[in-house]
Amino acid sequence: MKKTILVVDDAAFMRATLKDILGRNGYEVVGEARNGAEALTRYAELKPGLVTMDIVMPEVSGIEAVRRIVELDPQARIIMCSAMGQQSLVVEAIQAGARDFVIKPFQAARVLDAVARGLEA
Amino acid sequence: MVKERIRVLVVDDSALMRRVVWGLLEQDPELLVVGSAVDGIDAVAKVHQLKPDVVTLDVEMPRMDGLQVLGYLMSEAPVACVMLSAYTPRGAETTLKALDYGAADFVQKPSGTISLNLERVQEELIAKVKTAAGIDLKRLSFHSRPEEPKAPEKAAEEPRDNGGIVAICSSTGGPRALAEVLAGLPGNLACPVAVVQHMSPGFTRSLAERLDKECRLRVQEAAQGDRLMPGRIWLAPGDFHMTLERRGGDVVVALDRRPPQLGVRPCADLLFQSVAEAFGAKAVAVVLTGMGRDGAKGVKAIKARGGRVISQDEATSVVYGMPRAAFATGCVDKVAPLGAVAASIVEWM
């Protein structure tokens, strides 16, 4: 499985943190997006091995983006990134087609674990 | 009507420090400490749960350090954070980074000589927590800088000297504002620049080093007797007043330990007054973001001698205190948004 990743989050700090964790561990972050609409465009362009998707974003939300990406590519591998206290949204995202989730604030070990499993599945 | 108290969360991995900080804050009737957290993860959970107005955040903590907590909070649950930071060279660097990550301000932690400086720390901490509570958080978003910023080329030769000077002051929100203004100045600026940023000793040196990496002009922390040269920037060291005086054909830096004025040392009024004296109509004074009213008396002196004055506008000021006070004197020639300050300086120099 290719180790290319698209990072989607409206917060620059969160994108930078994920890029740092993933970059140090053999993954290549091939693109970034700041909302669900951008995520869809970039996914179509880049065909990444995996997407990390924030849930709460302006304009098109992460859950809606999962629906649209899965529609475009039923094999898409997406893991959700959720802030504390957004459990109900995580359930909805999994139903929409996301494979797993990690909770923010990010801890490197958990992120790597979820990404590795996401790419295997 | 009873004014709502400001709700504060205290985060520190040391039980002693939590108790000290809680105690200091609690003595102010406008503040209400709603809880404390023992590490970064706990802090994040407590912010979601207690929804404080202000968080006092220890910079160095186990499990998740203050920077990571700060970055998370400003991204997912924005809240005003005042960093508590021990002074070490590395601590100072991290603290400046915290201001980039969106911290409202920082206070140097009470340390070894705890009983001696506790009162001063208390006053500073309470003032900064109250100021932080009023800041529009949208103005403090995460601002990423490259880890090793590529230093712009410094001018190879000393620029000509037009006999003028630029004097700048800033406080809350100042380090970020200074980075923008000073990096916007051209390498051939034909006069020196003197800067007062209200900041604890030690941190000013780190700030000068960091600004030096980002500016075309050389930036240094001022030392007693430094001879000013065009195209260079001098930053007043924390805990000293900085004034400029003519000595023969030169203008030199004088540092002193007179008592703080308006609660601050360095005090910009003193710098501006000395600049008015030494440079007259060839001075440009700039008042940037910050709480309080330092600089206002100084701009009157600048104006009285025929110099010019720029103040930062309200929309781009993290705290519109000092620029407002300067504007209220009627001595401001130009009110500029942060992004236009450097160009205004160049226009007059």
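**Exercise 1. How many salt bridges are counted between chain A and chain B, and which side chains meet?**

Step 1. A salt bridge requires a side-chain nitrogen of Lys or Arg within 4 Å of a carboxyl oxygen of Asp or Glu. By this rule, the count between chain A and chain B is one.

Step 2. The side chains that meet are those of A:Lys104 and B:Glu76, at 2.6 Å from N to O.

Step 3. The model is predicted: local features need pLDDT of at least 70, side-chain atom pairs count only at pLDDT 80 or more, and totals for chains, interfaces and linings use all residues. Side-chain values use heavy atoms, without hydrogens and water, residues are numbered from 1 along each chain as its sequence is written, and chains are lettered from A and ligands numbered from 1 in the order in which they are written.

**Exercise 2. Describe the interface of chain A and chain B by contacts and by area.**

Step 1. Contact means heavy atoms within 4.5 Å; 12 residues of chain A are in contact with 13 residues of chain B.

Step 2. Buried area is the accessible area (1.4 Å probe) that two parts lose on being put together, summed over both. The two chains bury about 1100 Å² between them, and 73% of this lies on carbon and sulfur atoms.

Step 3. On the chain A side, A:Phe13, A:Met84 and A:Pro105 lose the most area to chain B, together 56% of what that side buries.

**Exercise 3. Determine which residues of α5(A) are buried and which are exposed.**

Step 1. Helices (H or I, at least four residues) and strands (E, at least two) are DSSP runs, numbered from the N terminus. Helix α5 of chain A, residues 108-120, has 13 residues and reaches 18 Å from its first C-alpha to its last, close to the 18 Å expected at 1.5 Å a residue; the expected span is 1.5 Å times one less than the number of residues.

Step 2. Buried means under 20% relative accessible area, exposed over 50%, and partly exposed in between (1.4 Å probe, protein chains only). The buried residues of α5(A) are A:Val111, A:Ala114, A:Val115, A:Gly118 and A:Leu119. They lie on the same side of α5(A), because they cover an arc of only 130 degrees around the axis, taken from the directions from the axis to the C-beta atoms.

Step 3. On the other side of α5(A), A:Ala109, A:Arg110 and A:Glu120 are exposed.

Step 4. The cover over the buried residues includes β1, α1, β3, β4 and β5 of chain A.

**Exercise 4. Where is A:Ile79 found, and is A:Ile79 buried or exposed?**

Step 1. A:Ile79 is found in strand β4 of chain A.

Step 2. A:Ile79 counts as buried because its relative accessibility is 1%.

Step 3. Beyond its neighbours within four places in sequence, A:Ile79 is in contact with residues including A:Leu50, A:Met53, A:Ala114 and A:Val115.

**Exercise 5. Locate the salt bridge of A:Asp113 and A:Arg117 and give its distance.**

Step 1. The closest N and O atoms of A:Asp113 and A:Arg117 are 3.2 Å apart.

Step 2. Both residues lie in helix α5 of chain A, four residues apart, about one turn of the helix. An α-helix has 3.6 residues a turn, so residues three or four places apart point the same way.

Step 3. A:Asp113 is partly exposed at 42% relative accessible area, and A:Arg117 is partly exposed at 43%.
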